[in-house]
Amino acid sequence: MKHIYLLRHGKSEWDLPYETDLERTLSRRGKEQSKALREYLKESRFEFDQCLVSPSERTLKTYSSLRKEVLRLPKPEIRENLYDADKEDLLFVLHGLPSSTRSVCLVGHNRGLEELGSSLVLGEKEKSLFQKFPTASFLGLSFSEDSWKNLSWGSCQLVVFWIPGQIGKE
């Protein structure tokens with residue numbers, strides 16, 4: 001059994017000027033969301049062998065916040081190809097994992113994460129399983145094959161979909 005965890009970064013800062021989108025960091029609300037997610041992960045005891053993180057400042061800060069207190073989380077592997085990735089790009093990344101990896105967390109961005117999660121559960125339907133994949137959301141899926149290369153649309157079961165509580169408007 002394999003496990004896939006998809007984690008969207010916390011709410012990003014839009015009020016400050018940045019030269020590139022990659023430089024946008026977490027807003028105050030994004031930091032609060034990350035803290036709520038950290039508490040959830042501490043209580044839930046989810047674990048993953050590998051964590052692949054987009055190179056954006058907001059994804060790196062979100063995951064760094066989680067690792068502060070959840071010591072069982074692995075060191076992040078920064079993957080340039082996760083930034084602005086669509087569902088096919090993300091599936092390609094997952095297909096490249098070694099069979100020895102039992103569980104992986106992708107820390108990235110929407111729309112790719114939402115479409116990947118929905119397609120892994122429902123197949124290639126037009127409508128998303130999720131009305132929205134809010135910032136700091138955590139999605140867990142299970143996959144019953146031994147090889148990541150067998151991962152395909154509709155091959156996963158939904159395990160958990162957690163979103164931050166009443167922390168401002170999305």
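Accessible areas here come from the Shrake-Rupley method with a 1.4 Å probe. On that basis, the chain in this predicted model exposes about 8900 Å², of which carbon and sulfur atoms supply 48%. Turning from the surface to the interior, 50% of the 170 residues count as buried.

The fold itself is built from four helices and six strands. Followed along the sequence, these elements are arranged as β-α-β-α-β-α-β-α-β-β. The radius of gyration is 15 Å, close to the 15 Å given by the globule rule for 170 residues, so the chain is as compact as a globular protein of that length. Along the principal axes, the C-alpha atoms fill a box of roughly 45 × 35 × 30 Å.

The cysteines deserve a brief look of their own. A disulfide is counted when two cysteine sulfur atoms lie within 2.5 Å, and by this rule the model has zero disulfides. Cys-105 is in no disulfide, its nearest cysteine sulfur being that of Cys-51, 4.2 Å away. With a relative accessibility of 0%, Cys-105 counts as buried. Cys-156 is likewise buried, at a relative accessible area of 1%. For the sulfur of Cys-156, the closest cysteine sulfur is in Cys-105 at 14 Å, which is too far for a bond.

Notes. Residues numbered from 1 in each chain as written. Predicted model: local features only at pLDDT ≥ 70, side-chain atom pairs only at ≥ 80, totals over all residues. Heavy atoms only, no water. Helix = DSSP H or I, 4+ residues; strand = E, 2+ residues; numbered from the N terminus. Rg over C-alpha atoms; globule rule 2.2 N^0.38 Å. Buried < 20%, exposed > 50% of the residue type's maximum accessible area, 1.4 Å probe, protein only.
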